[in-house]
Structure formats: C-alpha cells, structure tokens
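This report is meant for a reader who is meeting the structure for the first time. Please keep the sequence and the model at hand while reading the sections below.

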Amino acid sequence: MSPSLAPADLLSRVQRDVERAAQRSRNGLRYAAGTSRPKLGRTPKDVVWRRHKAELWRYRNDDIKVRTPVVIVHSLVSRSYVLDLYPGNSAVAFLLNEGLDVFLLDWGMPDEADAGNRLEHYVDDGIPAAIAAACEAAGTEEVTLLGYCFGGVLSLLSAARHPELPIRNLALMATPVDFSKMETITALVRDGRLDPDEIIEPTGNVPPDVIENGFRLLKPTAEVTQYANLWENLWNDEVMEGYQAMGQWARDHIPFPGAAFGQTVDGLVRGNGLVEGSFELGGERVDLKTITRPVLNIMAERDHIVPLAAAEPIVDLVGSKEAEELRLSAGHAGLVAGRKAAKVTLPGIAGWIADHSEKA
C-alpha cells in the first residue's frame, strides 16, 4: 500500500495537474490549428557566394577563436535548417559559441532546370567553388570541410577527386559508404524490383514524397509512438517547440535531381562502388586513398537511416594516416539537433575541429 500524501503535497499535485491540463488544451488547439509553428533557421548570416540555386552562407560571429573556417556541406534531399533549428537548439549556434567561423553550403530547391545535374555538378564545381569563396571571405588558405549525410558523400568524392583543394581537415557526419548495409532504404532499387525511371516525375527529378516515404519505411510505427509522446508532453512548451521543429524538418524534403539519382542508384547502391573501388565520375575511377588529410568519421549509434555498418569503413577506405572515429549516442538527426546535442554530440565534434585547426 503506497503511503498517503500530506495535504500540502496533495494540493500541490492537484494544482500541477490542473495547470498541465490547461496547457495541454492550449497547446493542442494551437498545434491542430497550425498557429504555433516555430520560426526556424534564425541565426544571423550573410550570403557570400551564389551559383545557380546554391548559396554559401557565413554565420556572423564577433568572437572567432579558431582561424580555419568550417564549411558545412549539406545533403541534397533535405533542408539545411536542421543544423539551425531555433535558439537553444542549433548546431550552428553551438559551433559559433565555440569560436568557430562557420559557413554552410545550401544547394537550394531543385526544379526541372536541375534535373540534368550529375554528381559532378556538385563534386567538381559546387564544393570547390564554395571552398574558394570561404577562404576569400575568411582570409585563410584552408578550410575544414564538414559533410552531413549525403553531403558527406559529396565531400568525400570532392576531396578524393581534387587532392589539390585547400582542405585542412575532413569531417563526415552520418555518411554512408557501404550501401549494402543500408538494406531497408535501398532494397527496392538495389535488387532491381524498382527502376529509378519509375519514380522520376515529369520534371526529371525524384519527388520529395518518394524520399519521405522511403525514410518512413525504416520506422513504420514511428508516427504512432511520436503521437503518444506528443500527448504525454503536450503541456510542455519546450518539448512542443522541439517536436514541431523536428516534425517540420522531417516532412520538408526536397526533390533529388534525376541524373544524380541515377548515378547514385547505379554506382553507389547497386555497384557499392565506394567499397568496391569501382565508382566512376567523369569517366575516372574515384580513389578515396587520395584523401590524406586528417579525417574524422562521426557516427550515430542509433542511426536508423545510416547504420553504423554503412559508415564504419570510411577510416579504412581513405589514405589518411590520421583517420579517427567518433561514435556518439544519438540518432541520425540527433547528431546535430535535439535537447542532448549540445551536451552529448556537438562538443566532441567542435573539439576535434578546434584541435586540428589554426587558432585565431
């Protein structure tokens, strides 16, 4: 038999439950009406380079302690604001507070004009030009290149094909190289049960809903669990803000340029070309052993999109004498966003970058 509560404790608990019920009703109405969506990507920044739809942003920082700038390369299929959700939940703001000079390469929203963009468009043109622009803006000769998810794949390919690029360090977050280990999300196209041409829309691109549904297949019961958690925490304004921000990002995918998608399916998924050493761009085989600068492979232990086994081979594939792993207790997006990121994942990433960079 549980002990009875003192009258004062009982009254306090009743008051708490009443207040939470009122907050739950208020937040529930706001959520249903769509009037409480947080404004995302608020860290002040300037566009320092633009080509076609791609832009390089430099985030404002009056207290730069690390001279070597960080150029973040984002993925092609999701919005980059996951790195800068809102104040108190922003990987970009954390890195700025650590004294880093932060740039972010955002590829923009593809349309029919981008359907013919091959991977070379990003690897041989976009990334090298953005690195040059960052060096010019920061007044430096080198950068740390930090790729996230498929942006990490693009960064690997660019660093391998262009050893002359002024990349001091290469850091890769949740970056797949062994696509045979991404069994659930790649199974249909890998096994030939689905032809890439079947999912390309008239614009020549893969529509966002195909990408979103592919990720949803990885966790088919996730929405049920999320709604249960939402109800439990509907009274909590901080939890609600985070839930809505991450939910908005998870549903906000962008088209995948058709030509680049075809190369990805044929060469990376079906051919597993990075592991097999057979992947070609521009008629030349990509040799990851040409990468000799320091490499940090950042992996999330609970990543359901890029499992550990898909990212682990990086340190053995590159030619760097200094190739390290950083395994963090997080999920795919949890590496850069969420309540624990500033305590669990981001300090190790920022620390490695600072230790391998020139101080201001």
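Which residue of β4 is the bridge partner of E55? The bridge partner of E55 in β4 is D106, and the sections that follow place this pair within its sheet.

## Confidence in the model

The structure is a predicted model, with a mean pLDDT of 84 over the protein and with 76% of its residues reaching 70 or more. Over residues 217–228, however, the pLDDT is below 50, and this stretch has ten contacts in the model beyond near neighbours in sequence. Where pLDDT is low, the predicted coordinates should not be read in detail.

## The sheet and its strands

Eight strands make up an open sheet of mixed pairing, and their order across the sheet is β1-β2-β4-β3-β5-β6-β11-β12. Its edges are formed by β1 and by β12, which spans residues 323–328, and each of these two strands pairs on one side only. From one strand to the next, the twist averages 20°.

## Helix α3 and its two helix contacts

Two packed helices are described by the angle between their axes and the distance between the axes. For helix α3 (residues 119–138) and helix α4 (residues 150–161), the axes come within 9 Å and cross at roughly 75°, which makes α3 roughly perpendicular to α4. On the side of α3 the contact is made by L119, Y122, V123, D124, I127 and P128, while α4 contributes F150, L154, S155, L157, S158 and R161. Sorted by class, the residues of this contact are eight nonpolar, two polar and two charged.

Helix α3 also meets helix α9 (residues 258–270), where the axes come within 7 Å and cross at roughly 100°; α3 and α9 are therefore roughly perpendicular to each other. This contact involves L119, E120 and Y122 of α3 together with A260, Q263 and T264 of α9, and its residues divide into three nonpolar, two polar and one charged.

A search of the whole structure finds three aromatic pairs, one of which involves W107 and Y122. The ring centres of W107 and Y122 are 4.9 Å apart and their planes stand at 85°, so the pair is edge-to-face. Because W107 lies in the loop between β4 (102–106) and α3, whereas Y122 lies in helix α3 itself, the pair ties together parts that are 15 residues apart in sequence. Y122 is also among the residues of α3 in the contact with α4 and among those in the contact with α9.

Note on methods. Residues are numbered from 1 along each chain as its sequence is written. This is a predicted model: local features need pLDDT of at least 70, side-chain atom pairs count only at pLDDT 80 or more; totals for chains, interfaces and linings use all residues. Side-chain values use heavy atoms; hydrogens and water are left out. Axes are lines fitted to C-alpha atoms, for helices over the stretch in contact, and angles run from 0 to 180 degrees between N-to-C directions. Helices (H or I, at least four residues) and strands (E, at least two) are DSSP runs, numbered from the N terminus. Angles under 35 degrees count as roughly parallel, over 145 as roughly antiparallel, 65 to 115 as roughly perpendicular and the rest as oblique. Contact means heavy atoms within 4.5 Å. Ala, Val, Leu, Ile, Met, Phe, Trp, Tyr, Cys and Pro count as nonpolar, Asp, Glu, Lys and Arg as charged, and the others, Gly among them, as polar. Two strands pair if DSSP finds at least two bridges between them. pLDDT is the predictor's confidence in each residue, from 0 to 100. Rings of Phe, Tyr and Trp (its six-membered ring) pair if their centres lie within 6.5 Å; planes under 30 degrees apart count as stacked, over 60 as edge-to-face and the rest as tilted.
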